[in-house]
Amino acid sequence: CDDMRKFVFMEEDGSEIGTMYFDLYPRESKYNHAAHFTVRCGCKFYKDEELRDQTPIVAVVANLTGGGKAQPQGGLLSHTEAEAM
């Protein structure tokens, strides 16, 4: 999907904090409501007796009317869309 965006968040030292995917604009065969999903939880775990971090991955999915391929210069969100975001 061309309108989907991925953001990787980093600490100042360059270590990864987590990843967010945004799929915000309508397309054929996509459901009509907004939702967020945890793809992978963030946690600490031991591997080979070493404490490691598993960074979280989340996705925000919506069908906003402004922006995307349909309005590449952007558009205004409705009040309901702004509340959902």
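**Reading a predicted model: a tutorial dialogue**

Q: How many of the residues of the protein count as buried?

A: Of the 85 residues of the protein, 22% count as buried; buried means under 20% relative accessible area, exposed over 50%, and partly exposed in between, with a 1.4 Å probe and protein chains only. This is a predicted model, in which local features need pLDDT of at least 70 and side-chain atom pairs count only at pLDDT 80 or more, while totals for chains, interfaces and linings use all residues. Residues are numbered from 1 along each chain as its sequence is written, and side-chain values use heavy atoms, with hydrogens and water left out.

Q: Which helices and strands does the protein have?

A: Helices (H or I, at least four residues) and strands (E, at least two) are DSSP runs, numbered from the N terminus. Here there are 1 helix and 6 strands, in the order β-β-β-β-β-β-α from the N terminus.

Q: How many aromatic pairs does the structure hold?

A: Rings of Phe, Tyr and Trp (its six-membered ring) pair if their centres lie within 6.5 Å; planes under 30 degrees apart count as stacked, over 60 as edge-to-face and the rest as tilted. The structure holds 1 aromatic pair. The ring centres of Phe7 and Phe22 are 5.6 Å apart and their planes stand at 80°, so the pair is edge-to-face. Phe7 belongs to strand 1 (residues 5-10) and Phe22 to strand 2 (residues 16-23), 15 residues apart.

Q: Is Phe22 buried or exposed?

A: Phe22 is buried, because its relative accessible area is 18%. Phe7, at 35% relative accessibility, counts as partly exposed.

Q: Which residues make up the largest nonpolar core?

A: In soluble globular proteins, nonpolar side chains tend to be buried together. A nonpolar core is a set of buried Ala, Val, Leu, Ile, Met, Phe, Trp, Tyr and Cys residues joined through side-chain atoms within 4.5 Å. The largest one has 5 residues: Phe22, Leu24, Val60, Ala62 and Leu64.

Q: What does Ile57 contact, leaving aside its neighbours within four places in sequence?

A: Contact means heavy atoms within 4.5 Å. With those neighbours left aside, Ile57 is in contact with Thr19, Tyr21, Phe37, Thr38, Val39 and Arg40. Ile57 lies in strand 6 (residues 57-61) and is buried, with a relative accessible area of 17%. The C-alpha atoms of Ile57 and Gly42, which are 15 residues apart along the chain, are separated by 7.6 Å.
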